[in-house]
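Hi,

Here is the structure I promised to pass on. Have a look at it first, then read my notes below.

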Amino acid sequence: MAPSYSRGIIGVLVAALLIGMVRLWQVPPEFHKGQTDNYWPMAQGLLDGKGFSLCYPLYFPLCSGQNNASAMREPLPVVLFAGVAAITGRSLQAALVLQLIAHLAIVLLLYRWVRSFASERWALIAATVWALYPPSLQTVPQLSGDLIGTALFLAAAIATQRARDKGRADAWAVAGVLLGLAVLCRSVLIITVLPWAVLAWRSATGGQRRSRLAAAALVGCMALIVSPWVVRNAVVFHRFWPGTSMNGYNLFRNNYQVRDGQPPHYVAAIEAQEMMNALLARRIDLRG
C-alpha cells in the first residue's frame, strides 16, 4: 500500500511542533539571546510611544538619546512582536510562540511549494528536512525576522506559481503583496522582484499589453506594500533607503580585511568592535 502523504505531512507538523516546544523549554527566554536584544526593545519602544527607535552601540557607536531613530531591523516583525506584547502583557515567551508558529508555517508552505512541481514524496522529504533543520531550530527561541520572512516568501512563491498558471493580473498582484510583506521582514528579498517580473512578463498570455499588466501588477503591489517604510526612512534620514541601515555596517565589517593581506575570514563581534574603534579614532568626522 502506498503511504498516505496527507497523514505524513500532519505527522511532520506534529513532530515539528513537539521539537519546537522542547526547544523553547530547553532554551528559556533570554533578552541577550540572538537578535532578541534588537527586536524586543524596538517592540517595547513602539508600545511606550518612542517610535521606531533603538540605540545599539555595537552597530552604531555614536548613537545617543537624541540620536536613536533606527532602521536597523525591518518593520513588520517588530510590529508583530509589539502586537503580541500588547495583548499578552509584554510576554517575551508569547512572542517566541509566534516564532514557533512561523517555523510550523514554513514546514507546511514548503511542502505545498515542492508538491506543486515535484512528487508528494519529495514534498514530504523537504518538509521533514526543514522540521529538523538546526539553524531554524536555533532561531525559534530568539526574536528575529528570519522565520516570518521565510514563511511569507514561500507564500509569495506559491502565489507566483498560481499566477503563472492563471495568467491573470490579479493573481500577480497577490504575489506582489506577499513579496512586499516578505521584504518588510528581510529586505534582501527585494531583489527577487526582478526575476519574478520577468517571469510575469513571459508567462502572461494574450499579447504584450497583458504581459505589461502582469509585470506591473507584481512590481506595483510589492512597491505599494514597501512604500510606507521607504517614506518613513526618507523623512527620518533624508535618504531613499528601501532596506535597513545595517547594510553599510555589514559591508564595512566583512570587507575591511581586504587591504590587510590576511586570508579572508569571518569577522566576529570582538574583532568588529576593535575595527570600529580604530575607524572612529581615525575618522573623527563620522556622524554615525
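Below is what turned up, starting with the ground rules.

This is a predicted model, where local features need pLDDT of at least 70, side-chain atom pairs count only at pLDDT 80 or more, and totals for chains, interfaces and linings use all residues. Residues are numbered from 1 along each chain as its sequence is written, and side-chain values use heavy atoms, with hydrogens and water left out.

Let's start with the salt bridges (a side-chain nitrogen of Lys or Arg within 4 Å of a carboxyl oxygen of Asp or Glu). The whole structure has four of them. In one, R90 and D48 meet at 2.9 Å, N to O. R90 sits in the loop between helix 3 (75–87) and helix 4, and D48 in the loop between helix 2 (36–47) and helix 3, so the pair ties together parts 42 residues apart in sequence. Helices here are DSSP runs of H or I with at least four residues, numbered from the N terminus.

How accessible are these two? R90 is partly exposed at 34% relative accessible area, and D48 is partly exposed too, at 44%. (Buried is under 20%, exposed over 50%, partly exposed in between, using a 1.4 Å probe and protein chains only.)

Another salt bridge joins R168 and D170, with the closest N and O atoms 3.1 Å apart. R283 and D285 also pair up, at 2.9 Å, N to O.

Now for H103, which is in helix 4 (residues 92–115). H103 is buried, at 0% relative accessible area.

Cheers

Definitions and conventions: Helices (H or I, at least four residues) and strands (E, at least two) are DSSP runs, numbered from the N terminus.
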